[in-house]
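Here is a colleague's note for someone opening this model for the first time. Please read the numbered points with the structure beside you.

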Number of protein chains: 2
Amino acid sequence: MSDAITLTSDALQDRVVAILSKAGFNAQQGAAIARVIVAGERDACKSHGIYRIEGILRAVKAGKARPDAVPVLEQQGDGSAIVRVDAKSGFSNAAFELGVPVLAERARRFGIAALAINDCTHFAALWPEVEALTDRGLAAFAMCPSYSTVAPAGGTAPLLGTNPLAFGWPRLDGPPYVFDFATSVAARGEIELHRRAGTPLPEGWAIDADGQPTTDPEAALAGAMLPFGGHKGSAIGTMIELLAGVMIGDFTSREALDHLGTTAFAPRHGELIVAFSPEAFAAGRPGNPLVRAEALFEAIAGQGARLPSQRRFAARARAEKDGIQLTSEEIGKLDRLLELGLDAVA
Amino acid sequence: MSDAITLTSDALQDRVVAILSKAGFNAQQGAAIARVIVAGERDACKSHGIYRIEGILRAVKAGKARPDAVPVLEQQGDGSAIVRVDAKSGFSNAAFELGVPVLAERARRFGIAALAINDCTHFAALWPEVEALTDRGLAAFAMCPSYSTVAPAGGTAPLLGTNPLAFGWPRLDGPPYVFDFATSVAARGEIELHRRAGTPLPEGWAIDADGQPTTDPEAALAGAMLPFGGHKGSAIGTMIELLAGVMIGDFTSREALDHLGTTAFAPRHGELIVAFSPEAFAAGRPGNPLVRAEALFEAIAGQGARLPSQRRFAARARAEKDGIQLTSEEIGKLDRLLELGLDAVA
């Protein structure tokens with residue numbers, strides 16, 4: 001990148017916070033959103049980096065999300081292992097940050113605990129959330145519905161969301177074991193990329209509006225995506241609708257789509273995070289679980305299989321050493337967003 | 001079945017209990033094992049029915065499992081959401097039955113709770129366990145390692161197990177929403193069936209001992225099975241090794257294979273069950289989660305997609321009405337097992 005400009009994480013955080021502040025976000029919302037955007041750039045996850053800012057501003061401008069929301073921790077009583085945060089129509093990020101210390105405390109106290117976030121707009125990857133728990137020495141998974149764009153296995157029409165599932169396990173040295181993936185074969189953005197490039201989709205990604213298999217991106221976008229792994233992935237996607245939608249008293253993917261009537265904005269729904277204390281689960285049993293897990297990771301990597309998130313962690317290590325690189329075009333866009341605020345978006 | 005013999009569930013339970021008693025099982029082990037075997041026959045899950053008895057006897061005869069084990073409930077303190085049962089080298093079933101009422105009570109009290117079973121021999125499907133929780137109005141998942149016969153995605157050698165994952169959600173009327181599947185593409189038994197039939201495997205099921213894709217069942221059995229859904233299924237299989245092996249202080253699939261040195265017996269390891277109280281999670285939120293879930297199930301079935309376990313529930317309904325049908329050959333085998341006890345097996 002001949003025109004690359006290098007920033008520290010802190011400098012990029014300040015820039016994103018300034019943009020969001022100018023657009024009417026309160027400090028709590030702005031800082032939390034900026035943290036996951038900076039983490040995305042730091043980890044070379046461009047799809048969850050500064051690219052997201054315009055979508056966030058559009059959701060606010062259209063009145064779909066509140067930039068001034070103050071999430072509320074709704075204790076289910078001190079004796080409950082469920083922590084609930086009402087995001088009050090703000091973004092998920094500030095709600096998560098409010099809930100995570102309480103979730104961690106409950107997970108340590110009870111061995112296992114859950115955080116339910118309600119009434120949030122959600123644009124972020126789930127890996128920053130499971131990593132917030134692995135950073136605290138806990139294992140965790142996170143899941144949420146999205147928009148009904150995926151047909152159940154054997155079905156003909158969109159119903160399930162791309163429903164991401166993420167899991168994290170703390171490692172003794174270096175970054176955690178983390179995976180974070182959609183329960184559809186492909187992300188909707190990947191189909192969109194094929195459409196723009198005019199290339200056919202791989203077989204098995206999608207069906208058309210008549211429920212027939214298709215490799216035509218246009219037909220796929222008018223039809224439905226397919227779950228990963230056939231009926232097994234479909235079952236996991238359904239489980240996510242149940243646990244992270246219905247059970248926590250929030251929207252399923254279909255209800256989320258009905259609510260906004262379009263996939264043009266980030267969906268509004270809830271989210272479920274479950275945290276486990278390996279220390280509590282292993283108590284009284286032989287061996288330290290964190291040490292024993294390393295043997296499993298070594299056996300995976302030792303046979304040439306890649307642990308998930310390694311590309312991301314390598315980018316992170318580079319960014320921590322050398323800073324985050326943005327192009328001059330990207331910097332120009334940040335400047336424009338700062339200048340124009342909500343006027344920068346349609 | 002011209003030679004079909006019809007039994008009630010109770011009559012079959014008595015027969016299986018008598019066989020196990022004769023073979024030296026105590027009443028607690030025998031009744032619990034018989035219940036899951038009868039449930040398998042009732043649901044036309046022949047692979048988990050009376051077919052399993054010989055394997056159970058072989059494990060005992062070889063000294064791999066204790067028929068007289070008395071599982072012990074190890075309370076982690078009354079304030080913990082973790083319930084632990086030490087199976088004391090017996091089978092998983094009696095240990096699960098001992099733990100499940102406590103798990104249910106904790107899940108209701110804390111909203112979420114977990115049951116860790118340690119030091120058990122495991123031959124059973126996981127659906128009887130998640131159904132024991134849906135019967136109590138709880139949602140639940142269950143998972144366990146098995147034997148390292150599955151290569152991680154991108155790898156070349158067996159490491160992960162076929163690691164089953166089951167999930168259940170209680171329904172208002174009729175049987176629950178339940179899935180229970182291996183995280184490998186296919187079960188090892190399916191590859192064995194292809195070997196016996198001399199038919200090639202479908203592509204993508206397995207690799208040979210050199211780590212190359214194969215459709216030859218012999219080569220596959222000497223090599224490794226593949227996880228379902230590529231790197232996503234591989235990640236879920238790894239998560240199961242971590243949570244239901246390492247975290248609960250019990251064997252991973254590799255350690256389980258190292259321990260016995262053969263896959264000829266049911267594996268010895270632990271198991272993790274997590275139970276959720278939908279009532280507690282939905283408290284204060286609009287709508288009854290059990291009612292809302294029905295809309296999701298109707299939307300799945302309404303587009304012609306099958307809910308999991310329907311074939312099993314249909315068989316159950318038939319058995320509850322007409323009894324369980326066994327062939328005269330199967331009855332003969334039960335008679336022989338009762339007569340000979342452990343002498344019936346090698």
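1. A residue is called buried if 20 or more other C-beta atoms lie within 10 Å of its own, exposed if 12 or fewer do, and partly exposed in between, with C-beta atoms placed from the backbone. This is a predicted model, in which local features need pLDDT of at least 70 and side-chain atom pairs count only at pLDDT 80 or more, while totals for chains, interfaces and linings use all residues. Residues are numbered from 1 along each chain as its sequence is written, and chains are lettered from A and ligands numbered from 1 in the order in which they are written.

2. Helices (H or I, at least four residues) and strands (E, at least two) are DSSP runs numbered from the N terminus. In helix 6 of chain B, residues 188-197, the buried positions are B:R188, B:I191 and B:H194. Seen down the helix axis, these buried residues fall within an arc of 120 degrees, so they line one face of the helix; the arc is that of the directions from the helix axis to the C-beta atoms. On the other side of helix 6 of chain B, B:G189, B:R196 and B:A197 are exposed.

3. The buried residues of helix 6 of chain B are covered by elements including strand 8 (206-207), helix 7 (217-222) and strand 10 (224-225) of chain B, where contact means that two C-beta atoms, placed from the backbone, lie within 7 Å. Helix 6 of chain B is followed by B:G198, which has a positive phi near 70 degrees.

4. Chain B has an open sheet of 7 strands in the order 2-3-4-11-5-6-7, with mixed pairing; two strands pair if DSSP finds at least two bridges between them. Strand 2 (72-75) and strand 7 of chain B stand at the edges with a single partner strand each, so one side of each is left without a neighbour in the sheet. Within this sheet, strand 4 and strand 11 of chain B run antiparallel and are joined by 8 bridges, and B:I112 has B:F276 in strand 11 of chain B as its bridge partner.

5. Helix 4 of chain B, residues 92-110, lies across strand 2, strand 3 (82-86), strand 4 and strand 11 of chain B, and runs at about 170 degrees to strand 4 of chain B. Axes here are lines fitted to C-alpha atoms, for helices over the stretch in contact, and angles run from 0 to 180 degrees between N-to-C directions.

6. How many residues does each chain bring to the contact between chain A and chain B? Chain A gives 60 residues and chain B gives 60 residues. On the side of chain B that touches chain A, helix 8 of chain B gives the most, with 10 residues.

7. B:K88, in the loop between strand 3 and helix 4 of chain B, has a positive phi near 55 degrees, and B:K88 counts as partly exposed, with 16 C-beta neighbours inside 10 Å. B:S309, in the loop between helix 11 and helix 12 (310-322) of chain B, has a positive phi of about 75 degrees, and with 22 C-beta neighbours inside 10 Å B:S309 counts as buried. Most residues other than glycine have a negative phi.
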